[in-house]
Amino acid sequence: MTEPPHDLVGALLFGPDRGLVKARAAALIQTLAPDVDPAFGATVLTSDDLITDPARLMDEMSAMSLLGGTRLVRLRLDHERSGAAIGKIIKQIDADPSRVEAKLVIEAGDLSTRSAIRKAAEAAKHLAALGCYPLGTRARRDQVRDQLQEIGIAVMPNALDLWVPLLEGDHALAAAEVEKMALYKGYGRVPDATVTPDDVRTLAAGAQGSAIDPIIQDAFSGRIDSLDARFRRAVEAKTSPIAIHFALQRHLLRLCEAASRMETGDSALAATRALRPPIFRMQEDAFVATLNRWNSRALRSALSQCQTVERQLKSTGAPAEALTERLLFGLANFAARRRAA
């Protein structure tokens, strides 16, 4: 990312691809506030934080750093119930940027041209408005190739031709699929590692879904005996434990997103049907049942365990099958206890 203007106070990043919004916000922060202290210099607000107290945004922007250096305020918007108030604050900041002590990064979903927040940011001289829309085929190819090259893994052009159409839609999910492939190819520890079309057919999203989805459903439903049988069959059929792990992680991320919607008042069914891309109708009942069985705290804990296993999988000689199996059965045992309670 090029150097931002010296008088830029902040930016609004918005668009239907929340994964791309998040990735570009992280890149912007590296140039807008490279010296920000992650523990004490960054304040994270959500749209719910401003419902009853929209002035808190200006308070946080005006607060001075206790330890010196740049302060950062990140505002993550899931709705626009305080949109008019936030738009007014953006105008105040733009009219007199000297009154604030922090940089502002706002991350939002798809905002219409009527959005008060978007209109204020687009009209501002000292804030930028950056639309984040799904990548085209060429940009997605570059994302895949560059992410693998950073680790020291090449990819055949015909493998890209086969793989890229499977990665359309969400930037974060695409990045996770590339990370999964990197693990499968040795994560840079194998000299001259190259992704081939056969690797894509073996590991890419959707290639093994019919075998993996029931395993994940068994884990979240607490069906331990069924999970054991299905996991054994999958391993014997050469299904990659890494593919199972990343499918589980994707499923958890979607559950966490739906659980966050439930915390704002949505029912489990409404939260499920609001997800994009949508849950297949044939899987909807099972997804809703999981949301009703697992609360958001339990889901976040499960996601944290999943991410810990991901870090372990990147270690040399990590036993992928054993680590994935232990995680799955840990989740299944928890679900079984919840069902019996």
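His79 touches Ser47, Asp48 and Ile51, leaving aside residues up to four places away in sequence; contact here means heavy atoms within 4.5 Å. The place of His79 is the loop between E3 and H3. In these labels, H or I marks a helix of at least four residues and E a strand of at least two, both being DSSP runs numbered from the N terminus. The model is predicted, and local features need pLDDT of at least 70, side-chain atom pairs count only at pLDDT 80 or more, and totals for chains, interfaces and linings use all residues. Residues are numbered from 1 along each chain as its sequence is written, and side-chain values use heavy atoms, with hydrogens and water left out.

With a relative accessible area of 16%, His79 is buried. Buried means under 20% relative accessible area, exposed means over 50%, and partly exposed lies in between (1.4 Å probe, protein chains only). The side chain of His79 makes a polar contact with the side chain of Asp48 at 2.6 Å. It also reaches the backbone nitrogen of Arg81 at 3.3 Å. A polar contact is a pair of N or O atoms within 3.5 Å; within protein, one must be able to donate a hydrogen and the other to accept it, and residues adjacent in sequence count only if both atoms are side-chain atoms.

Next come the salt bridges. A salt bridge is a side-chain nitrogen of Lys or Arg within 4 Å of a carboxyl oxygen of Asp or Glu, and a search of the whole structure finds 17 of them. One joins the side chains of Asp78 and Arg18, at 3.9 Å from N to O. This pair links distant parts of the chain, 60 residues apart: Asp78 is in the loop between strand E3 (71-76) and helix H3 (83-95), and Arg18 is in helix H1 (residues 18-32). Asp78 is exposed at 62% relative accessible area, while Arg18 is partly exposed at 34%.

Another salt bridge lies within a helix. Arg118 and Glu122 are both in helix H4 (residues 116-123), four residues apart, which is about one turn of the helix. Their closest N and O atoms are 2.8 Å apart. Arg118 counts as buried at 13% relative accessibility, whereas Glu122 is partly exposed at 44%.

What does Asp218 form with Arg223? The two form a salt bridge, with the closest N and O atoms 2.8 Å apart. Asp218 is buried, its relative accessible area being 0%, and Arg223 is partly exposed at 36%. Elsewhere, salt bridges that share partners join Arg56, Glu60 and Arg71 into one network.
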